[in-house]
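Here is a short tour of a protein model for you to follow with the structure open beside you.

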Amino acid sequence: MGRRARTRRAGPAAALLAAALTASLTAGCTGHGRDGDGRAPGRTPTALPSRSAGAGSPLAVKIDNVPAARPQTGLGAADVVYVEQVEGGLTRLLAVYATRLPKTVGPVRSARESDLELLRQFTRPTLAFSGAQRALLPLVDRAPLRARSPDEAPDAYVRDTGRAAPHNLYVHPAALLPTAPGEAALTTGFRHGPAPSGGTPVSARTVRYPAARLTFTWSPGRGGWLVAMDGTPTVTTDSGRPAPATVVVQHVRVRGSRYHDVLGNPTPYTETVGSGRAEVLRDGRSFDGFWSRPTAAGGTAFTTADGGRLDFAAGQVWVVFVPAS
């Protein structure tokens with residue numbers, strides 16, 4: 001690529017309308033240095049791993065999710081898709097790949113502090129991202145993961161000239177991992193099996209954020225939940241409509257962090273260590289329960305209201321983090 005990723009973070013003030021929120025955040029992340037992906041000038045990139053170093057470790061990609069970034073590419077191949085709140089009440093996605101590596105994933109955007117805690121559950125995962133705030137970069141470098149922005153792996157990224165920056169940066173997973181590490185790399189704590197007894201029949205479930213919303217509609221024909229974002233059916237450029245077999249609405253604490261965007265809006269920190277309520281959607285039904293993740297190094301367990309197992313359906317899982325009320 002002729003020029004490296006520009007990632008200027010911007011976020012709207014709380015008083016702006018939703019349209020202004022989206023327009024402001026789509027300006028991207030604040031870039032630092034000549035590379036413009038948030039890396040400081042003169043920073044020496046860490047050495048790339050050998051072609052076998054990623055075995056047993058999944059790939060995580062931070063994906064843009066504002067309207068200008070859609071349709072995305074590569075979501076259908078993800079084993080897990082996390083939905084996180086970012087500045088201005090908008091959302092971004094963190095997609096995790098272990099059983100399949102698509103040819104291309106994107107648009108790729110910047111990382112957040114919450115991602116580092118979330119990814120601790122995996123064994124040294126590779127994180128593909130476009131950059132981060134300058135103050136966050138030391139934490140990224142110290143985290144137990146392989147950070148692979150365009151600085152560390154320029155040959156893995158490409159710009160789509162048919163799209164406007166910053167929503168046009170894509171990564172080729174094969175340039176970061178030699179092969180898909182397999183299901184054993186998914187150390188999420190999720191358990192798959194038959195649905196528990198009970199549950200409530202549900203045809204659709206909508207999750208709302210201050211400036212975004214997601215709707216999951218049960219499709220018996222697909223055996224999964226068709227995704228819509230901001231009232232528009234979600235499609236991908238390479239695999240049609242995602243239809244995760246399981247959707248988790250995980251109620252978590254979302255607090256302000258010490259970081260903020262260029263307009264002074266605080267960057268939300270999503271706490272994924274702890275416990276709380278959860279709703280698990282599978283097989284056209286909703287099951288109320290609880291989640292528990294005692295330590296960052298471990299996965300998340302889900303139980304029914306009476307303490308029994310709350311297993312997921314086989315297939316893709318979407319985990320939607322929402323602020324606990």
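Is aspartate 311 buried or exposed? Aspartate 311 is buried, because its relative accessible area is 7%, and buried means under 20% (exposed is over 50%, partly exposed in between, with a 1.4 Å probe and protein chains only).

Before going on, please note that this is a predicted model, in which local features need pLDDT of at least 70 and side-chain atom pairs count only at pLDDT 80 or more, while totals for chains, interfaces and linings use all residues. Residues are numbered from 1 along each chain as its sequence is written, and side-chain values use heavy atoms, with hydrogens and water left out.

**Overall picture**

The protein has three helices and 18 strands; these are DSSP runs numbered from the N terminus (helices H or I, at least four residues; strands E, at least two). Of its 325 residues, 55% count as buried. The mean pLDDT, the predictor's confidence in each residue from 0 to 100, is 86, and 83% of the residues reach 70 or more. Do take care with residues 1–55, where pLDDT stays under 50.

In soluble globular proteins, nonpolar side chains tend to be buried together. A nonpolar core here is a set of buried Ala, Val, Leu, Ile, Met, Phe, Trp, Tyr and Cys residues joined through side-chain atoms within 4.5 Å. The largest one holds 36 residues, of which Val61, Tyr97, Val171 and Trp318 touch the most other members. Apart from it lies another core of 33 residues, including Ala111 and Val280. If you click on tyrosine 97, you will find that the residues it touches beyond four places in sequence include Pro58, Val61, Ile63 and Pro181, where contact means heavy atoms within 4.5 Å.

**Salt bridges**

The model has 11 salt bridges, each a side-chain nitrogen of Lys or Arg within 4 Å of a carboxyl oxygen of Asp or Glu. Three of them are set out here.

| Glutamate 84 | Lysine 62 | 3.4 Å |

Lysine 62 and glutamate 84 are both buried, and together with Asp115 they are linked in a network of salt bridges. Arginine 191 is partly exposed, with a relative accessible area of 30%. Glutamate 279 in strand 15 and arginine 205 in strand 9 are 74 residues apart. The glutamate counts as buried at 11% relative accessibility, whereas arginine 205 is partly exposed at 22%.

Six bridges join strand 10 to strand 11, and leucine 214 stands opposite methionine 229.

Elsewhere, strand 16 pairs with strand 17 in the antiparallel sense over four bridges, with serine 292 opposite alanine 301. Strand 17 covers Phe302 and Thr304 on one face and leaves Ala301 and Thr303 uncovered on the other. Serine 286 in strand 16 counts as buried at 12% relative accessibility, and its contacts beyond four places in sequence include Glu279 and Val280.

Definitions and conventions: Two strands pair if DSSP finds at least two bridges between them.
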